Amino acid sequence: MAAVVRLADVEVGTELPVQSSTVTRADLVRYAGASGDFNVIHWNERVATEVGLPGVIAHGMLTAGLAARAVTAWAGDPGALVEYSVRFSRPVVVPDDALGAEVVVAGRVAALLDDDRVRVDLTVTSGGEKVLSLARAVVQL
Amino acid sequence: MALDAGLVGRSYPPSAVYEVGREKIAEFATALGDPDPVYRDPVAARAAGHPDVIAPPTFAIVLSLGAGEVVLDDPDVSIDYSRVVHGEQKFVHHRPIRAGDRLVATASIEAVRTVASNDMLTTRVDLATEDGEPVCRTSAMLVARGGA
């Protein structure tokens, strides 16, 4: 297993390609089935608003999965992502329409670590607001 | 109600074996909109140095979500599940999860904290093969928002 990006090609400040994804209600249903997370706040507007949410929200791990995809696509091998951590700071509200919500992932190499590893810090937003904080990936190059 | 700090370190019996299938990995990758062939094509996965198709880095949530329920079901863990939100999540991969893996999940309580009236419970789930090879460690921090 080997990343396509080589250590010699990166330095602190190297930016990952920005990734933009659309999340619709259909995507939430698909992720619920794939992950086994059937929490009703991810598909039922009535329940979501009853518990004080603005509406149906995306699974935090769907957003985190999209953000990880930006890292693995850059690294060239998903096996190179050895550590990944996120804090869910704000829900991604997914409207009941064909457009859905947009999730934008930007990332930059924040530190060079021992053993040919680098830390990538991610900025993940929806509608201009940060939805993940302290989103960090350690990539083995 | 505040969580008892004495819960930290409590561990639970290992889960039944979960056999990782190629189709489940492909389904999960599709749900993330990820077209990477190493999630679907054994030939592409082998060309990348893996014995079989590997799973996306966040696939471990499929196992850890189920394995973590044993903590929420513990009568000593007085957390109001109806008020719970997912606060933080971490994965440490010893190697990628791959098709054919027969994994056992072991849950334990890593931390408890109460800030203002919010209870925070961090559950760790260790994934290993049934032969004992460590594969992945996950930590999930749940927040139970304090009631009025």
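**Aromatic cluster and surrounding packing**

A:Tyr31, B:Phe28 and B:Phe59 make up one aromatic cluster in this predicted model. Over all chains, the count of aromatic pairs comes to 2. In the pair formed by A:Tyr31 and B:Phe28, the ring centres are 5.7 Å apart and the planes stand at 55°, so the pair is classed as tilted. This pair crosses between chains, running from helix 1 of chain A, which holds A:Tyr31, to helix 1 of chain B, which holds B:Phe28. Both residues, A:Tyr31 and B:Phe28, are buried. The rings of B:Phe28 and B:Phe59 have centres 5.4 Å apart and planes at 85°; this angle is over 60 degrees, so the pair is edge-to-face. B:Phe59 is located in the loop between helix 2 (42–47) and helix 3 of chain B, whereas B:Phe28 belongs to helix 1 of chain B, so the pair ties together parts that are 31 residues apart in sequence. The relative accessibility of B:Phe28 is 0%, and B:Phe59 likewise has a relative accessible area of 0%.

In helix 1 (25–35) of chain A, the buried residues are A:Arg25, A:Leu28, A:Tyr31, A:Ala32, A:Ala34 and A:Ser35. These residues pack against strand 1 (19–23), helix 2 (45–50) and helix 3 of chain A, and also against helix 1 and helix 3 of chain B. A:Gly36, which follows helix 1 of chain A, has a positive phi near 85°. In helix 1 of chain B (residues 22–31), B:Ile25, B:Ala26, B:Phe28, B:Ala29 and B:Ala31 are buried. Their packing partners are helix 1 and helix 3 of chain A together with helix 3 (60–72) of chain B. After helix 1 of chain B comes B:Gly33, with a positive phi near 65°.

In soluble globular proteins, nonpolar side chains tend to be buried together. The largest nonpolar core in the model has 81 residues, and those with the most contacts inside it are A:Trp74, A:Tyr84, A:Leu122, A:Val139, B:Phe59, B:Val77 and B:Ile97. Helix 3 of chain A (residues 60–75) gives the most to this core, with 10 residues. Beyond its neighbours within four places in sequence, A:Val139 is in contact with residues including A:Val71, A:Trp74, A:Ala75 and A:Ala80. An unreviewed UniProt entry places the feature "domain: MaoC-like" at residues 19–107 of chain A. The span is 37% helix and 22% strand, and its end C-alpha atoms lie 9 Å apart.

In chain B, strand 3 (residues 102–115) runs antiparallel to strand 1, with 2 bridges joining them; B:Tyr18 has B:Leu103 as its bridge partner. Strand 3 is also joined to strand 4 (residues 118–129) by 12 bridges, again in antiparallel orientation, and B:Val112 stands opposite B:Leu121. The hairpin of strands 3 and 4 has 2 residues between the strands, and B:Ala116 takes a positive phi near 55° there.

B:Tyr12 lies in the segment before strand 1 (18–19) of chain B. With a relative accessible area of 9%, B:Tyr12 is buried. Its side chain makes a polar contact of 2.6 Å with that of B:Asp74. Apart from neighbours within four places in sequence, B:Tyr12 is in contact with B:Val70, B:Val71, B:Asp74, B:Val77, B:Thr106, B:Ala107, B:Ser108 and B:Ile109.

Notes
Residues numbered from 1 in each chain as written. Chains lettered and ligands numbered in written order. Predicted model: local features only at pLDDT ≥ 70, side-chain atom pairs only at ≥ 80, totals over all residues. Heavy atoms only, no water. Helix = DSSP H or I, 4+ residues; strand = E, 2+ residues; numbered from the N terminus. Buried < 20%, exposed > 50% of the residue type's maximum accessible area, 1.4 Å probe, protein only. Contact = heavy atoms within 4.5 Å. Polar contact = N/O pair within 3.5 Å; in protein donor to acceptor, adjacent residues only side chain to side chain. Core = buried A, V, L, I, M, F, W, Y, C linked by side-chain atoms within 4.5 Å. UniProt positions renumbered as here; feature names shortened; annotations may be inferred. Pairing = 2+ DSSP bridges. Phe/Tyr/Trp six-rings, centres within 6.5 Å; stacked < 30°, edge-to-face > 60°.
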